[in-house]
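Hello,

Here is the structure we talked about handing over. My notes on it follow below.

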Amino acid sequence: MLLEDYLAQNDICVVSREMPGSVRAFVVRHGQGYCVVLNAIFPDELQRRALRHELKHLARGDDASLLPVSEIERLVRA
């Protein structure tokens with residue numbers, strides 16, 4: 001499946017905005033779906049990696065998790 005198809009089927013939009021260098025990306029609710037916000041100051045390859053990371057969070061349902069963010073990040077990286 002193409003990434004564009006996956007995003008459309010799961011109601012996920014992706015935008016790029018300049019943010020502080022300490023932030024690579026994050027996810028916010030957008031209507032019935034989500035929006036992944038990528039940091040525009042990073043090169044394309046780093047933005048692609050950040051997108052994959054955020055999509056892992058969505059696939060895991062981390063937005064509904066009661067775990068601390070540090071634990072969620074540890075689990076996603078494992």
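**Strands, helices and a few residues**

Ala25 stands opposite Leu38 in β3. Please keep in mind that the model is predicted.

The sheet

That pair belongs to the pairing of β2 with strand β3, residues 33–39, where six bridges join two strands that run antiparallel. Another bridge pair is Arg29 with Tyr34, the latter in β3. Two residues lie between the strands in the hairpin of β2 and β3, and Gly31 takes a positive phi there, near 60°.

β3 is also joined to β1 by six bridges, but these two strands run parallel. Arg17 has Asn39 of β3 as its bridge partner. Taken as a whole, the sheet is open and has three strands in the order β1-β3-β2, with mixed pairing. β1 (12–17) and β2 (25–30) are the edge strands, each of them pairing on one side only. On average, neighbouring strands of this sheet are turned by 25° against each other, with direction ignored.

How much of β3 is covered? Seven of its seven residues are buried, so the strand is mostly covered. As a general point, side chains in a regular strand alternate between the two faces of the sheet.

Helix α2 and the sheet

α2 lies across β1, β2 and β3, and runs at about 150° to β3. One residue I looked at in this helix is Gln47; α2 itself spans residues 44–60. Is Gln47 buried or exposed? Its relative accessible area is 13%, and because the cut-off for buried is under 20%, Gln47 counts as buried. Not counting residues up to four places away in sequence, Gln47 touches Ser16, Leu38, Asn39, Ala40 and Phe42. Two of these residues have come up already: Leu38 stands opposite Ala25, and Asn39 is the bridge partner of Arg17.

Val14 is found in strand β1. With a relative accessible area of 32%, Val14 is partly exposed. Leaving aside neighbours within four places in sequence, Val14 is in contact with Leu7, Val36, Leu38 and Leu51. For a distance in the model, Val14 and Leu66 are 25 Å apart in space, C-alpha to C-alpha, and 52 residues apart in sequence.

Helices α2 and α3

Two packed helices are described by the angle between their axes and the distance between the axes. For α2 and helix α3 (residues 69–77), the axes come within 10 Å and cross at roughly 105°. That angle falls in the range of 65 to 115 degrees, and therefore α2 and α3 are roughly perpendicular to each other. On the α2 side the contact is made by His53, Lys56, His57 and Arg60, and on the α3 side by Ile72, Glu73, Leu75, Val76 and Arg77. By type, the residues of this contact divide into three nonpolar, two polar and four charged.

Which residues of α3 are buried? They are Ile72, Glu73 and Val76. These residues cover an arc of only 100° around the axis, which means that they sit on the same side of α3. In general, an α-helix has 3.6 residues a turn, so residues three or four places apart point the same way. The buried residues of α3 pack against α2, and Ile72, Glu73 and Val76 are included in the contact described above.

Asp11 is found in the loop between α1 (3–9) and β1. Its phi is near 50°, a positive value in a residue other than glycine. Asp11 counts as partly exposed, at 40% relative accessibility.

Regards

How values were computed. Residues are numbered from 1 along each chain as its sequence is written. This is a predicted model: local features need pLDDT of at least 70, side-chain atom pairs count only at pLDDT 80 or more; totals for chains, interfaces and linings use all residues. Side-chain values use heavy atoms; hydrogens and water are left out. Helices (H or I, at least four residues) and strands (E, at least two) are DSSP runs, numbered from the N terminus. Buried means under 20% relative accessible area, exposed over 50%, partly exposed in between (1.4 Å probe, protein chains only). Contact means heavy atoms within 4.5 Å. Two strands pair if DSSP finds at least two bridges between them. Axes are lines fitted to C-alpha atoms, for helices over the stretch in contact, and angles run from 0 to 180 degrees between N-to-C directions. Angles under 35 degrees count as roughly parallel, over 145 as roughly antiparallel, 65 to 115 as roughly perpendicular and the rest as oblique. Ala, Val, Leu, Ile, Met, Phe, Trp, Tyr, Cys and Pro count as nonpolar, Asp, Glu, Lys and Arg as charged, and the others, Gly among them, as polar. The arc is that of the directions from the helix axis to the C-beta atoms.
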